[in-house]
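Here is a friendly walk through a few parts of this protein model. Have the sequence and the 3D view open as you read.

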Amino acid sequence: MKAFPFYKQPDQMDCGPTCLRMVAKHYGKTFSLQKLREICGINREGVSLLGISEAAEKIGFRTTGIKLSLQQLAEIDLPVILHWNQNHFVILYKVKNSQYHIADPAKGLITYAESEFLKHWLSTHNNGHSEGIVLTLSPTPDFYSQEGDKADGLDFSYLLKYLYRYKQLIVQLFAGLAVGSLLQLILPFLTQSIVDIGINTRNLNFIYIILIAQSMLFIGRMSVDFIRSWILLHISTRINISILTDFLIKLMKLPISFFDTKMTGDIMQRMNDQKRIETFLTGSTLSVVFSMFNLVIFAVVLAYYNINIFIIFAVSTVLYSLWVIAFLKKRRTLDFKRFDISSKNQTAIVQLIGGMQEIKLNNCEQQKRWEWERIQAGLFRFNVKSLALGQYQQAGTFFINEGKNILITFLVAKSVIDGQLTLGAMMAVQYIIGQLNSPIEQMLGFVQQLQDAKISLERLNEIREMDDEEPLDKTFVNELPSDKSITLQNISFTYLGAGNEPVLSQINLHIPQGKTTAIVGMSGSGKTTILKLLLRFYEPQKGDIKVGNGYLSQISFRYWRGLCGVVMQDGFIFSDSISKNIAVGDEYPDMAKLKDAIHAANISEFIESLPLGLNTKIGAEGNGISQGQRQRILIARAVYKNPEYIFFDEATNALDSNNEKVIMENLEKFFKGKTVVVVAHRLSTVKHADNIVVLDKGIIIEQGTHKELTSAKGEYYQLVKNQLELGN
């Protein structure tokens, strides 16, 4: 039977799409993980069984999600996707002799005994029967009519382009390696001549000459190694920066929606992967050429001295290599496990440090510390497995290597006694064997680092294969029409995740140029989602957004956002000076614009009270600031930009009434001639708007001026009434 195809899940939440990818491959079609992620509706919580089912049907499978007992499971066609441990998905692809063969995207192809299988799979008890959740999949003609995806990701030829940029330095490096190898090659002959000529003829002057020659060779080799190390440092640093920079450039070209589905730790671990690729390129790849050169040269010399010893060395080297290669598959599995645990560890540390205020306020220090300790326990178990694997591998290689050395020592000693070799030749052979051991170890180390680099390259491919926010093959407009009004036509939107309710349904809204439009409604009504669609965080699933007579989707993302001033509820404060936080887009802030922005945000008094004023560092690594000060800095940032469109999402909800009154008065002057969209709960923020839109469960139920809506005594009137009753 053909082995079941296996893919490893690259991230913590990818088990569902990876299972679907394996099933599709089993039936002969290749789909990229990214495509399956998109149609599964994956988010930070992963994907549901409903999401996998819907995605499977989109690529041509007929699916059924059911609860089955073990007896019923034996009657259905395999493979099927199982809900595993109530938080994971795996594939059951074969049952034989009460052995259950599982493709676990987190661990590999595993066989379970019946009792252990049931412990992982069973989730509910119904009328005395234990049941587990199963998703059956059978391909339809539509599945076979699809082409599937081409595997056109990055390969090592792409990475070698980084080396090509430094070809002159690499030529110098290889020249140094060649000189070093030749100098090493002379040493065994000098050693032999000392013993066979100098000692046998008792010629001390000859020995002096040879020792002087050896000293000069040693100095020469050491000088070449020093120069080679400096060149290697220069190349590796440049390449590491280049790879990381290219990764960040790609990351910054991705849509904002990408960062909604990726854990911080996953992205940080991918940045660590770049270092492994750089180490492989500049360390292993270059060193292995040197090792190969040494291996060939010294192997020829060894064969010249004694062909039998050469054969023994060659056979032991083959055994040594096979032993190391036998562990590569297990190393690969452990590497994915390391990535997963390290990702969770980094995410946990970021949360612990960033959320320390909330942790202490909610007295959950112990629980959060226990969570971190559980991750450390998992990391310890992984390190134990990794150490055990290394020890098994080391024990075998040590046995083969030392056994070979003992056997060769016996043979050369016997050859000297039998008169087949001179004592000097024996010492030369031992030196050559020592020189040959190092290239073999380096070659096998290269194989392991090659595997690490390939794994890192696979994870890098995931990012590289994603479509840019602005693909090169698509033309975008870098200008606005004369009519700059915004119109939403029949807009509907649902967040990723199967079974999610639509956040917006059939929204029709006109936002006139130069006017202020306010959007109000209960929490979860879709107010912020409209703002995010206007800012192109996401694209509408149905309907169109128009700017004048053109479509927003045809305008360049970068150009459009350059025209927009934004204050979001979760706006970010950088660990930098106040001036740099306000003028985030300028290397050198415009002091006149900065002064106007500070005045509009009514933050002058706070800045003047600081010893360093505008140069005071704030943010994560600087002075702590209140939520109100944070909001005022974000407002100042939007004003400094002097945009044509302004989008405020609860921009003043953390301000006291006095500050809010002053800021709103200042902003009224700033808003003149600009198109403004304000999302707010507070009546004081929206009552002067030219048009107030009332949302309820993703539907516009009212719109008009403050006076018109209060007179109508509808939903807006109730919102105002509730605020007044609360004393706001």
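What follows covers a sheet and its helices, a pair of packed helices, and a threonine with its surroundings. Please keep in mind that this is a predicted model.

**The sheet**

Let's begin with an open sheet of six strands, in which the pairing is mixed. If you trace across the sheet, the order is β13-β16-β17-β10-β18-β19. Which strands stand at the edges? They are β13 (564–567) and β19 (699–704); each has a single partner strand, so one side of each is left without a neighbour in the sheet. On average, neighbouring strands here are turned by 15 degrees against each other, direction ignored.

Within the sheet, β16 (residues 645–649) and β17 (residues 675–679) are parallel partners, joined over five bridges. To find one of these pairings on your screen, look for Phe647, whose bridge partner in β17 is Val677.

Helix α21 (residues 627–641) lies across β13 and β16.

| Helix | Strands | Angle |
|---|---|---|
| α21 (residues 627–641) | lies across β13 and β16 | about 175 degrees to β13 |

**A helix pair**

Next, turn to helix α11 (residues 307–325) and helix α14 (residues 365–417), whose axes come within 9 Å and cross at roughly 175 degrees. Angles over 145 degrees count as roughly antiparallel, and α11 and α14 are therefore roughly antiparallel to each other. On the α11 side, the contact residues include Ile312, Phe313, Tyr320 and Trp323. From α14 come, among them, Tyr392, Ile400, Lys404 and Leu411. What kinds of residue make up this contact? They divide into 13 nonpolar, five polar and one charged.

**A threonine in β1**

Finally, have a look at Thr63, which lies in strand β1 (residues 61–68). Is Thr63 buried or exposed? Its relative accessibility is 11%, so Thr63 counts as buried.

The side chain of Thr63 has a polar contact of 2.8 Å with the side chain of Ser53. Another polar contact, also of 2.8 Å, joins the side chains of Thr63 and Glu57. Leaving aside neighbours within four places in sequence, the residues in contact with Thr63 are Ser53, Ala56, Glu57, Leu135, Thr136 and Leu137.

Note on methods: Residues numbered from 1 in each chain as written. Predicted model: local features only at pLDDT ≥ 70, side-chain atom pairs only at ≥ 80, totals over all residues. Heavy atoms only, no water. Pairing = 2+ DSSP bridges. Helix = DSSP H or I, 4+ residues; strand = E, 2+ residues; numbered from the N terminus. Axes fitted to C-alpha atoms, helices over the stretch in contact; angles between N-to-C directions. Contact = heavy atoms within 4.5 Å. Parallel < 35°, antiparallel > 145°, perpendicular 65-115°, else oblique. Nonpolar A, V, L, I, M, F, W, Y, C, P; charged D, E, K, R; others polar. Buried < 20%, exposed > 50% of the residue type's maximum accessible area, 1.4 Å probe, protein only. Polar contact = N/O pair within 3.5 Å; in protein donor to acceptor, adjacent residues only side chain to side chain.
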